[in-house]
Amino acid sequence: MIYLYIGKHSIKLLSLSKTILGQFNPTLFAKTHSNDLIVNGAMSSIDLVASAIKEGLTNAQPTPVNDKEVTLILPQEVFTYGRFNIPADISETAIMPFIKDKVRAELQISIESEQADFIITRQEQETVVLFYSIKKEAYLEYQQVCKLLQLKLTKIIPETLAYYKLFEKTLRKDKKEKIIYGVYREVDSFGYLFDSLGLVEAERFAFGDDIKPAIKKKIDELNKEDTKINRLILSGAESKKVRQDLFTKDVGAWTNPLEKIVDNFYQDYLKLIVANSTTIFPVLDYDVCFGAFIFAQERSEEHTSELQSHSDLV
């Protein structure tokens, strides 16, 4: 399986080939492009995106990619997003009509005109629907890109779902948290707002090149809006340089490095990815691909008691 992320300027590719022992050999590629690959939520050019993916397939390390099945991970801006509370007394058969009505009323779109999916998450007495969709024309364009490269598009997921899977196991059933997931890079750092049930809003927080004051400013703004941030999860290659206690003090929210979360909660998944004896799988560089892999593993193992989905996208 290929876990392929296409960002505004970037490509990240994680190809996993299964071994006879049930583990996976990783093949990796990442590149930031000078040209936009995605503009206003749509591909800038089918040929440009196909060329960028082909480069990744050809130049991946340690060997070119031969896998054909693709899980495509796209920026949140590509999707129409809605989050709806489900009444406690609703029947299973009424959920889909309820979602269709909510989507039509609040998002002003029809599910039938979109390639749509939803996820249901629960915590104690609260249940929410996380709804994602893209226009069918856009979905067909991504299919077309894959066909040009003799690839099979098996599913599309939003990057925010992949990020959520990277800290879901740290959540307590009895505690409602507000969480910023931040990706700390040399340039163009960013983040999203989650709570214990999933993505709160689709807005992507731009933290730029000077991340600490930008995060502090955003946390202060949210606190003034009665959205108290309980935790900042910090990913990205630059997060390895962070001292947790000092960063917590500087930004005004408890900072939880993703590297520690993976070590404490996701070692079973990490051990499935076999790197050679001199290489450690770079989780912080490929967090979005690793999160998509966790999502796929949980679904294949039917560990989905808290996660239900309509299957058009994911």
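A residue is called buried when its relative accessible area is under 20%, exposed when that area is over 50%, and partly exposed in between, as computed with a 1.4 Å probe on protein chains only. The views below show a predicted model, in which local features need pLDDT of at least 70 and side-chain atom pairs count only at pLDDT 80 or more, while totals for chains, interfaces and linings use all residues. Residues are numbered from 1 along each chain as its sequence is written, and side-chain values use heavy atoms, with hydrogens and water left out.

**View 1. The rings of Phe 281 and Phe 290 form a tilted pair.** Phe 290 is buried, with a relative accessible area of 0%, and Phe 281 is also buried, at 7%. Rings of Phe, Tyr and Trp (its six-membered ring) pair if their centres lie within 6.5 Å, and planes under 30 degrees apart count as stacked, over 60 as edge-to-face and the rest as tilted. Here the centres are 5.8 Å apart and the planes stand at 55°, so the pair is tilted.

**View 2. Ile 6, Ile 53 and Phe 290 have the most contacts inside the largest nonpolar core, which has 79 residues.** Such a core is a set of buried Ala, Val, Leu, Ile, Met, Phe, Trp, Tyr and Cys residues joined through side-chain atoms within 4.5 Å. Helix 9 (residues 287-300) gives the largest share of this core, 8 residues, where helices are DSSP runs of H or I with at least four residues and strands are runs of E with at least two, numbered from the N terminus.

**View 3. Strand 12 (residues 189-195) is largely enclosed by the rest of the structure, because 7 of its 7 residues are buried.** Ser 189, Gly 191, Leu 193 and Asp 195 lie on one side, and Phe 190, Tyr 192 and Phe 194 on the other. In a regular strand the side chains alternate between the two faces of the sheet. The charged end of Arg 204 sits over the ring of Phe 190, 3.9 Å from its centre, which by definition needs CZ of Arg or NZ of Lys within 6 Å of the ring centre and within 35 degrees of the ring normal.

**View 4. Strand 11 (residues 178-183) and strand 12 run antiparallel and are joined by 6 bridges.** Two strands pair if DSSP finds at least two bridges between them. Gly 182 has Gly 191 as its bridge partner in strand 12. The two strands form a hairpin with 5 residues between them, and Asp 188 in the turn has a positive phi of about 55°.
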